[in-house]
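Colleague: I would like a close look at a single part of this model. Please take me through the part and then its surroundings, in short steps.

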Amino acid sequence: MGFANVMDILPQRSICLGFVEKRPITHEFLKFRYQPLQHVRQRTSRIFACNTQEPCHPSTRFKRYDGRPQNVDLPPILPKNKKKPFPIPIKKLIRSARQDKKLAEMGIEKPLEPPKNGLLVPDLVPVAYEVLEHWKVLIKGLSQLLNVVTVYGCSKCSEVHVGPVGHRIQDCRGTGSEQRRSRHCWVRGSINDVLIPIESYHLFDPFGRRIKHETRFNYDRIPAVVELCIQAGVDFPEYPSRRRTTPIRMLGKKVIDRGGYVEEPKPYRAEDCMSLLAELDTYGAQTGRPPLPPSDIRKLAERTLKAYSTVRRGVRQLMKKYTVKACGYCSEIHVGPWGHNVKLCGAFKHQWRDGKHGWQDATLDEVIPQNYVWHLRDPNGPPLTTALKRFYGKAPAVVEVCVQAGAEIPESYRPMMRLDIVLPDSEEARLVA
């Protein structure tokens, strides 16, 4: 049948035509150890037809799935006997250091842009004020929600659980866990178990003298988020900061002109600082407030969850410009161009470093830890058990508190909560592959 006859038989629809090459198997092909012979090939053309309702366009043949994944694994827990990985590849750091060294040998000053040269970034000043305002809303909202939602903490390890009763998952690694068969010892938790406090030294001049081990008591420690906002342009009379009008000059790693040293103004009275920290620090949060009516609890949870996402988004934006250092071995954070010299690191092999911190660039989760907890689908249901551990999901403690208070689950946290997994019975879980 010819090509014209095929076109007459098929209906008038979109047709995709192609040619297939047929190569028959012969005895000569098997005789010479599967070596292809050019004179044996017989090319015959055949026609196949694709009868479809829609035209076959290359752009619509393969559709890309852009939706969110159903389940997402949590970030791996880093071992404590190793240094944290560098956020920036080590090869890029070495390349940048070599370029700075080459410019210094040639006597060329290092080109610096705000805020690396000590000047403020005008576009980030409103962001710093927004982060600080939502930070206050976050602390105040959590202190009120803890009167409605119960939080437990293990007295032997760092495990935290949000729910009316503690879970029964046997994964405790604290002191005496062998005698307790890895069961947790639950006690009533506080806001510090939900929002882990990360503090940093407050510096009047981040580009001035470094903090030494002997002078560490001369500096106040405040939340790292607050210190980052202060260096980004927020003015606090209780915690002043130097605002430069002329940039600093550097030759390699050496500062050749910082505008001289300026004496730090006298600190304010202790009462003023304590009243300010009551709004900015979790230690000053008051949890013994009168309970809210049920109609306002959900609105408070939604507002607190929105403030949490705003703080994380704003801190991420500030950290792209302003330098924040973190110890590669412990949880110490320092906001500034270089770390301090306080010898208080007690992590892995601190004796080799004489207690000094191993400074590297910090990540967002080191400044605002997520503190993942098990997600409880039904707070009034049975407690979580070890047999169904792999079917449970997790979420940050702040998100879990707001969700149990009535807030809607954000789309970005749904995959790690594993809401699409049906929880089987304990006997059925053994049959699951």
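Which residues make up helix 5 where helix 7 is considered? What do its packing partners look like by class of residue?

Modeller: This is a predicted model, so please read everything below as computed. Let us start with the helix you picked. Two packed helices are described by the angle between their axes and the distance between the axes.

Helix 5 covers residues 125-145. Take helix 7 as its partner to begin with. Helix 7 covers residues 224-231. The two axes come within 9 Å and cross at roughly 155°. An angle over 145 degrees counts as roughly antiparallel. Helix 5 and helix 7 are therefore roughly antiparallel to each other. The crossing of helix 5 past helix 7 is left-handed. On the helix 5 side, A128, V131, L132 and W135 make the contact. On the helix 7 side, the contact residues are V225, V226 and C229. Sorted by class, this contact has 7 nonpolar residues, no polar and no charged ones.

Look at the spacing of those numbers along helix 5. An α-helix has 3.6 residues a turn, so residues three or four places apart point the same way.

Now turn to helix 9, residues 294-319. The axes of helix 5 and helix 9 come within 8 Å. They cross at roughly 145°. Helix 5 passes helix 9 in a left-handed crossing. By class, this contact has 16 nonpolar, 7 polar and 2 charged residues.

Helix 11 is another partner, at residues 397-404. Helix 5 and helix 11 pack at an angle of about 55°, and their axes are 11 Å apart. Helix 5 and helix 11 are therefore oblique to each other. Helix 5 passes helix 11 in a left-handed crossing. L138, L142 and L145 of helix 5 make this contact, together with V398, V401 and C402 of helix 11. The class count here is 6 nonpolar, no polar and no charged residues.

Helix 4 spans residues 90-105 and has 16 residues. From its first C-alpha to its last, helix 4 reaches 23 Å. That is close to the 22 Å expected at 1.5 Å a residue. G107 follows helix 4, and its phi is positive, near 75°. The loop between helix 4 and helix 5 holds P115. Most residues other than glycine have a negative phi, and most peptide bonds are trans. The bond joining P114 and P115 is a cis peptide bond, with omega about 5°.

Now the strands. Strands of a sheet pair through backbone hydrogen bonds, either parallel or antiparallel. Strand 3, residues 151-154, pairs with strand 4 over 3 bridges in the antiparallel sense. V151 has V162 of strand 4 as its bridge partner.

Helix 7 leads us to another sheet. Helix 7 lies across strand 10 and strand 11, and runs at about 15° to strand 11. This open sheet of 3 strands has the order 11-10-12, with antiparallel pairing. Strand 11 (333-335) and strand 12 (359-361) are the edge strands, each with a single partner strand, so one side of each is left without a neighbour in the sheet. Its neighbouring strands are turned by 35° against each other on average, direction ignored. Strand 10, residues 324-327, pairs with strand 12 in the antiparallel sense over 3 bridges. C327 stands opposite W359 in strand 12. In the loop between strand 11 and strand 12 sits K349. K349 is not a glycine, yet its phi is positive, about 55°.

One hairpin remains. Strand 8 (residues 249-251) and strand 9 (residues 254-257) run antiparallel, joined by 3 bridges. R249 has D257 of strand 9 as its bridge partner. The hairpin has 2 residues between its strands, and G252 in the turn has a positive phi of about 70°.

Notes
Residues are numbered from 1 along each chain as its sequence is written. This is a predicted model: local features need pLDDT of at least 70, side-chain atom pairs count only at pLDDT 80 or more; totals for chains, interfaces and linings use all residues. Side-chain values use heavy atoms; hydrogens and water are left out. Axes are lines fitted to C-alpha atoms, for helices over the stretch in contact, and angles run from 0 to 180 degrees between N-to-C directions. Helices (H or I, at least four residues) and strands (E, at least two) are DSSP runs, numbered from the N terminus. Angles under 35 degrees count as roughly parallel, over 145 as roughly antiparallel, 65 to 115 as roughly perpendicular and the rest as oblique. A crossing is left-handed if the near helix is turned anticlockwise from the far one by less than a right angle, and right-handed if clockwise. Contact means heavy atoms within 4.5 Å. Ala, Val, Leu, Ile, Met, Phe, Trp, Tyr, Cys and Pro count as nonpolar, Asp, Glu, Lys and Arg as charged, and the others, Gly among them, as polar. The expected span of a helix is 1.5 Å times one less than its number of residues. Two strands pair if DSSP finds at least two bridges between them.
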